Each structure stands twice: as C-alpha cells, then as structure tokens.
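User: I'd like to learn how to read aromatic pairs and sheets in a model. Can you walk me through them?

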Amino acid sequence: MFDEGGWNNEDGGEALSQALLCPQRRPAQHCPPAPRGSLQKQRRRLLATLQRLEASSCSEPPQSPGPLSGESESESDSAGWAGSKQPRKERRGLKPRAASSPRGAPGAPSGSSAPQAGPEPDPAGRRRRKDSAAEAPGDATRPPSEEQRSREPGTAAGGPVPLLSRKQWRNKQKNKRRQKNKFKAGAGQDVGQGLGAGQGTSALPPSELSGALRARMEERLQSARFRYINQQLYTSSSQEAARLFQRDPAAFAVYHRGFARQVGRWPENPVQRIVQDLRRRPASLVVADFGCGDCKIATSVRNKVHSFDLVALSPRVTVCDMAKVPLADESVDITVFCLALMGTNLQEILEEANRVLRPGGTLKVAEVASRFADIRAFVTAVTQLGFQIVSKDVDNPFFYMFDFSKTGPPRARGNVPGLALRPCLYKKR
C-alpha cells in the first residue's frame with residue numbers, strides 16, 4: 001500500500017510528520033525540524049503503524065494513536081510489537097491468558113485514571129467464542145458464577161472453571177446431537193412391536209411391513225368396535241341388545257373375540273371354576289346356561305345343558321332374549337350366569353331364572369368384581385327374588401362368585417333396590 005520510495009520528498013514528509021507528531025498547533029509556537037536520522041526512524045515506525053492499522057481494520061476500528069514523542073512512543077511501539085509476537089493460539093483466544101494490569105495512556109498526569117484500552121484486535125479477523133475467549137483485564141480475580149459451576153459437573157464448587165477449547169466444544173455439541181438422534185431413532189424402530197412372532201416391523205421387507213401395519217390398524221379398529229358394543233350391552237335392556245345383534249350379526253363375533261381377549265388376561269377364568277363344581281355333582285342334573293357364548297360348559301360336562309344367547313356361535317345355542325327363555329316352569333336344577341348379568345333389566349332376568357328352577361335348585365353367579373358397589377345390598381336384593389345365599393367367594397380380585405338356592409317365588413312386587421350393578425366400561429382411547 002505504501003512504498004518507501006514515496007517518502008523521498010523531504011518537504012512532504014516533514015509536513016506529514018509534523019501533522020501527526022504535533023496535532024495541536026499553537027499560534028505562538030511551531031515544532032523545530034528534527035534531525036535527518038531521527039526523522040527517517042520515525043517514518044519507518046509510522047509506516048509499520050499504518051500497516052498494522054490496515055491489517056486490523058477488517059475486524060475492529062483502529063484505536064487512535066497517542067502522541068508520538070520521544071520515550072513514550074518507543075514504549076507504546078514496543079508494547080504493540082510484543083502483542084503481535086504472542087503465540088498464535090493465544091492471539092486466537094483458544095487458551096486463557098494471564099490478566100495484566102491496565103496501563104495508562106502516555107503523558108497522563110499522575111493521580112488521574114486514564115481510560116483503559118480495549119482488547120487487542122485479532123489479526124486473523126476471527127470472532128472468539130464466549131466459552132474460549134481470553135479474560136478481560138480485571139476479571140482474573142473475579143470468582144466463577146453459579147452458571148459456570150453448573151456447566152461443568154466435574155468441577156468443585158469453589159475451584160476454577162476450566163474453559164473448553166474450540167475443538168472440545170465442537171466434540172461436545174456433536175455428542176449431544178448423536179444422543180438426541182439415537183433416542184429419536186429408537187422411538188420409531190419398533191412401530192409394529194408385538195406383531196407376528198414379537199419382532200418389530202423394521203426387520204421386515206416393505207411388502208410384509210405394510211401388511212403388518214394394516215393388520216395392526218384392523219386390530220385397533222376391532223378393539224374400538226368391541227368397546228362400543230360392550231357399552232351398548234351394559235347400558236341397554238336385553239330386548240334392545242337382541243335387536244342390535246339381529247341388525248348386525250357380525251357384531252357379536254367381534255364382541256366375543258374382544259371379550260375372550262380380555263378374560264384371557266386374567267390368571268383364572270370363572271367358567272373353569274363352574275365346570276369343576278358341576279363335575280362334582282350328579283350327571284342327572286339339568287343345567288341352563290344363560291349367556292353361554294361358545295358353549296364351554298355344555299362341551300365340558302356330562303350333564304344336559306340348555307345354552308341360551310343372543311347370537312348362535314354353535315349349533316347347541318338357542319337364540320332368545322334372556323328375560324324370556326323357551327323352557328317350562330321348574331324344569332331345570334341349576335341356572336348359570338357366568339359374566340352374563342348384562343343390561344338394565346336384571347330383575348326380569350333373575351325372575352326368569354327363578355321361574356325355570358325347581359324348588360331347591362341352584363343359582364350360580366360369576367361377575368366382574370369392579371361392578372359391585374355394595375355386595376351386601378346385592379345379596380339382599382337377590383334374596384327378595386325368591387333365593388337364599390349359600391356361599392360366596394369375594395377373594396379373587398377379578399371376579400366374585402355366588403351360589404344361591406331357590407326358596408320360592410319372588411316376594412318383591414316392584415323394583416328391588418341394590419340389584420343394579422355398575423356397567424363394565426373400558427377407557428376411551
């Protein structure tokens with residue numbers, strides 16, 4: 001930018017040097033011409049200063065130079081060269097430098113505090129990161145803040161806070177991104193977990209993957225339909241439930257599959273307990289199974305069993321309303337309601353069971369435990385319908401079992417309080 005040959009004109013050089021060395025002219029005084037040797041030395045120093053200012057102009061505005069005179073000029077010039085000769089890593093701010101006390105401006109009077117000079121401009125023009133920047137003058141004795149202590153868990157509470165280099169900071173951010181992406185990938189790997197042989201769909205080819213997802217969606221739809229049908233059965237009468245399945249016979253198959261899946265999660269099925277009890281009784285006893293489903297009792301005992309339900313899943317089933325079964329009065333010895341006390345007209349259903357039972361016959365009831373709000377009230381209500389409690393089992397957390405004996409016709413003429421059970425509803429998803 002500047003050629004040393006352009007300074008051969010002594011008149012122009014003297015005028016420029018006088019303008020820089022004596023910025024404040026007084027009308028009564030003017031600077032005497034300096035010797036030729038010292039003038040050339042000042043020119044070289046001025047040229048070096050201008051070159052440094054040009055190099056640092058891209059990052060920060062240059063600081064205005066103080067008056068160049070004698071010994072103070074040489075001190076400031078030597079301090080500038082010392083800063084430029086620092087190691088490259090220290091100039092970039094990668095390692096913290098020891099704090100140095102601020103020096104006052106040359107020529108400032110003693111007792112007055114001169115303004116402190118800002119940080120030295122970076123020769124490479126790069127920004128320093130906050131985590132790896134050198135400490136400002138006067139900050140070396142300041143204790144670390146709570147935020148800095150919490151950033152480094154391995155640092156003691158009162159110890160120094162180590163600053164990360166640029167490479168260490170980049171590696172730390174890279175590890176954070178890898179950890180986050182690992183959790184995101186793990187959330188979507190086993191979308192189809194539990195299908196087929198218990199393997200995720202990520203290991204399947206695209207054709208089988210789409211089929212597995214379709215099967216899972218169909219299963220969810222079937223589960224939602226089961227919950228809807230179950231709610232209709234518990235919140236409507238037996239006549240309305242019969243009309244529901246007459247309009248849509250396939251709905252009963254959906255309900256029965258969902259019912260079997262729910263009961264299959266229990267450690268014990270109540271129908272097995274009833275079968276074991278019937279096997280200990282004489283085979284000549286006639287049994288009426290209300291709400292038989294898949295006729296498990298009829299296929300497991302030697303007794304004659306009349307199976308009734310709203311839809312026939314087996315040729316053994318007689319389709320009818322549970323409040324009006326096609327049996328003669330006092331024609332059976334045992335009536336069974338295994339998870340079948342559904343609907344809002346339980347009094348009519350139990351009165352029908354009393355009608356078909358012989359005197360001294362047995363009424364067996366197995367129902368979900370969560371449906372009973374007051375067991376004593378339920379037993380009292382059943383006794384008003386012509387029965388007497390024989391035994392009960394309320395120790396199982398999933399279902400309760402009761403055995404009643406018929407004592408005569410129903411004594412109650414109106415609605416019996418305490419007979420209604422809570423509906424067995426599932427959570428909406």
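Analyst: We'll take ring pairs, then the sheet. This is a predicted model: local features need pLDDT of at least 70, side-chain atom pairs count only at pLDDT 80 or more, and totals for chains, interfaces and linings use all residues. Residues are numbered from 1 along each chain as its sequence is written, and side-chain values use heavy atoms, with hydrogens and water left out.

User: How many aromatic pairs does a search of the whole structure find?

Analyst: Rings of Phe, Tyr and Trp (its six-membered ring) pair if their centres lie within 6.5 Å; planes under 30 degrees apart are stacked, over 60 edge-to-face, and the rest tilted. Here the search turns up 13 pairs. Take Trp266 and Phe398: the ring centres are 5.8 Å apart and the planes sit at 35°, so this pair is tilted.

User: Where in the chain do Trp266 and Phe398 lie?

Analyst: Helices (H or I, at least four residues) and strands (E, at least two) are DSSP runs, numbered from the N terminus. Trp266 is in the loop between helix H9 (250-264) and helix H10 (270-279), while Phe398 is in the loop between strand E6 (387-393) and strand E7 (399-406), 132 residues apart.

User: Is Trp266 buried or exposed?

Analyst: Buried means under 20% relative accessible area, exposed over 50%, and partly exposed in between (1.4 Å probe, protein chains only). Trp266 has 18% relative accessibility, so it counts as buried. Phe398, at 31%, is partly exposed.

User: What about Phe378 and Phe402?

Analyst: That pair is tilted too, because the planes are at 55°, with centres 5.6 Å apart. Phe378 belongs to helix H12 (residues 375-383) and Phe402 to strand E7, so the pair ties together parts 24 residues apart in sequence. Phe378 is buried at 1% relative accessibility, and Phe402 is buried with a relative accessible area of 1%.

User: Now the sheet. In what order do the 7 strands come?

Analyst: Strands of a sheet pair through backbone hydrogen bonds, either parallel or antiparallel. Two strands count as paired if DSSP finds at least two bridges between them. In this model the open sheet runs E3-E2-E1-E4-E5-E7-E6, with mixed pairing. Strand E3 (317-319) and E6 stand at the edges with a single partner strand each, so one side of each has no neighbour in the sheet.

User: In which sense do E2 and E3 pair?

Analyst: Strand E2 (residues 304-309) and E3 are parallel, over 3 bridges. Asp309 has Val319 in E3 as its bridge partner.
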